[in-house]
Amino acid sequence: GLARLNSNHSCLNSVILARKDVIGDNDNDDGASRRTSLIKIDLSSCGSPPYQPGDHVRVFPKNGVSEAELAKFVANLSDGLDLKEHVHIEYTGDAKEQEIAVTYPLLYSCLDGLISVRELFARLVALDDSLSMQACEDLASHASTVKDRTLLLGISKDEQEYESMISLCGLKWKDAFATFPSLCGRVPLALLLLHMKVNHPRSYSIASCKEQVGTELHLVVGRYTYSRGGSKLESGVCSSFLTGINVGDAVTFQIESAPSFHHPLDSSCPVIFVCTGTGFAPMRGLLQKRDYLLSRGEKLGKSFLIFGSRSSEEGLFHDEISDYSNRGILNVVSHVYSREPGKRKQYVTDELNSFETREALQPMLSDSKCHVFICGSANMAESAKQSLRDMSPFFDPLVDEGRLHCDVFGAVSSSSKPPAARVSYSLGSGAIDSFLDELDFSSIGGKSGNIFASCIARPSPTLMSLSDF
């Protein structure tokens with residue numbers, strides 16, 4: 001399934017060399033906690049593919065459920081499956097392959113090939129996603145009790161009730177049989193293939209330079225764990241997978257080039273780095289690149305780093321940054337803290353707007369070779385760009401000439417014209433999910449379509465047709 005879904009990219013399989021928690025579980029009063037980990041992946045076992053600082057890695061996560069929980073979920077389906085089996089999925093309707101790929105991506109990724117039931121539910125399906133309103137409506141017809149049927153129909157018709165249910169319990173697929181017990185043994189796999197989403201890979205900026213770390217690839221991953229008010233804690237699927245991974249564990253990933261976030265070819269160019277939190281990841285790779293260039297005797301241009309964190313305790317890689325500063329790889333470093341105990345809140349834009357910083361950056365921006373790298377949230381990036389624009393009349397020409405490089409965590413809502421083609425924007429995987437949510441799932445026949453799943457390695461293979469329910 002993963003190979004079909006990502007046929008345009010080359011998947012790599014390797015193992016984890018090391019995981020260091022640079023920020024341990026930092027608990028808050030509300031039960032929420034944060035962890036940030038440095039992950040080192042071994043590239044020697046997958047051909048040591050090339051990469052540059054600023055490139056991205058797409059990681060295929062495992063769902064954060066135990067083997068026992070997976071087995072229980074599969075046992076609650078009506079098909080009599082277990083994790084050891086394989087299934088063969090066929091579609092015999094009239095829809096074109098391209099329509100299925102867009103409208104039913106999970107079904108498309110499973111078509112016309114054997115797929116392990118364990119692989120399907122451990123990796124491929126998004127068990128942590130919430131049921132859609134349409135899924136609730138279709139599941140209602142399989143509920144055996146009036147209570148479950150009424151609740152499912154209610155939240156399928158009323159968006160406010162649906163959102164309230166999401167806030168209350170998450171309404172996640174992995175909890176569907178616990179939330180609606182009368183569905184146990186009554187929901188076929190075919191229904192899940194129509195409604196569940198694919199567990200999309202998540203993109204992370206590479207935090208290393210190959211010339212410095214050899215056959216390793218580094219990632220910096222942050223995980224935020226929170227509660228909706230009950231005892232159950234929640235966190236991101238891939239961030240939980242990576243910040244909980246152990247040495248020797250397997251990892252599947254792709255390397256994607258992002259040439260518009262690479263270090264300037266001319267090492268003497270002035271460089272301004274602006275980042276927050278784990279947005280330091282690509283900057284770390286770029287600083288390693290500058291270290292490598294310096295070791296070759298190349299002249300480095302002036303550099304200025306503005307790094308925003310919640311507090312000094314949650315600041316990342318202080319030792320590395322201090323070393324780069326001492327050796328001239330970084331000329332000026334400014335740490336900004338928004339949650340430092342006993343101190344006034346300060347953000348990246350506050351620092352950019354300060355008199356001292358403006359005095360230091362204006363000469364750099366006026367240099368026709370200056371490059372600016374920004375990594376963090378979309379809102380921070382937009383605010384930082386506006387501050388730089390207000391600071392210097394040379395900023396817009398810098399943008400037009402492709403010397404602004406932005407790696408952002410989310411989409412930007414703006415009525416202004418799109419950025420220059422050479423400005424790099426990396427959007428989170430949520431943008432894909434939002435796109436799929438807006439598609440019309442009735443466009444290829446709804447329940448009248450035909451999906452068959454053959455259960456392999458059973459005495460009597462079972463055929464399931466979507467038209468049967």
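User: Leaving aside its neighbours within four places in sequence, which residues is Ser267 in contact with?

Analyst: Bear in mind that this is a predicted model. Beyond those sequence neighbours, Ser267 is in contact with Arg290, Leu293, Glu298, Lys299, Leu300 and Gly301. Ser267 itself sits in the loop between strand S9 (250–256) and strand S10 (271–276).

User: Is Ser267 buried or exposed?

Analyst: Buried means under 20% relative accessible area. Ser267 has 6% relative accessibility, so it counts as buried.

User: On to strands. Which residues of strand S4 are on the covered face, and which on the uncovered one?

Analyst: The general idea first: in a regular strand the side chains alternate between the two faces of the sheet. Here, S4 runs over residues 86–91, and Val87, Ile89 and Tyr91 make up its covered face. His86, His88 and Glu90 are on the uncovered face.

User: In what sense do S4 and strand S5 pair?

Analyst: They pair in the antiparallel sense, over three bridges, with S5 spanning residues 114–116.

User: Now helices. What should helix H7 span, and what are its end C-alpha atoms doing?

Analyst: H7 covers residues 146–157, and at 1.5 Å a residue its 12 residues should span 16 Å. The end C-alpha atoms are 16 Å apart, so the two values agree.

User: Which residues of H7 are buried?

Analyst: In H7 the buried residues are Asp148, Leu152, Ile155 and Ser156. Looking down the axis of H7, they fall within an arc of 105°, so they line one face of the helix. Val146, Lys147 and Lys157 are exposed on the other side of H7.

User: What covers the buried residues of H7?

Analyst: The cover includes helix H6 (133–140), helix H8 (159–169) and helix H9 (176–179).

User: How many salt bridges does the structure hold?

Analyst: In general, side chains of opposite charge can pair when their charged atoms come close. This structure holds 18 salt bridges. One of them joins Glu137 to Lys157, with the closest N and O atoms 3.3 Å apart. That pair links distant parts of the chain, since Glu137 is in helix H6 and Lys157 in helix H7, 20 residues apart. Glu137 counts as partly exposed at 28% relative accessibility, while Lys157 counts as exposed at 59%.

User: How far apart are the closest N and O atoms of Lys289 and Glu211?

Analyst: They are 4.0 Å apart in that salt bridge. This pair also links distant parts of the chain: Lys289 lies in helix H13 (residues 280–295), Glu211 in helix H11 (residues 210–213), 78 residues apart. Lys289 is buried, with a relative accessible area of 14%. Glu211 is partly exposed, with 34%.

User: Where do Lys385 and Glu382 lie?

Analyst: Both are in helix H17 (residues 378–391), three residues apart, which is about one turn of the helix. Lys385 counts as buried at 8% relative accessibility, and Glu382 as partly exposed at 28%.

User: Which residues are linked in a network of salt bridges?

Analyst: Arg19, Asp21 and Arg35 are linked that way.

Notes
Residues numbered from 1 in each chain as written. Predicted model: local features only at pLDDT ≥ 70, side-chain atom pairs only at ≥ 80, totals over all residues. Heavy atoms only, no water. Buried < 20%, exposed > 50% of the residue type's maximum accessible area, 1.4 Å probe, protein only. Helix = DSSP H or I, 4+ residues; strand = E, 2+ residues; numbered from the N terminus. Pairing = 2+ DSSP bridges. Expected span 1.5 Å × (residues − 1). Arc of directions from axis to C-beta. Contact = heavy atoms within 4.5 Å. Salt bridge = Lys/Arg side-chain N within 4 Å of Asp/Glu carboxyl O.
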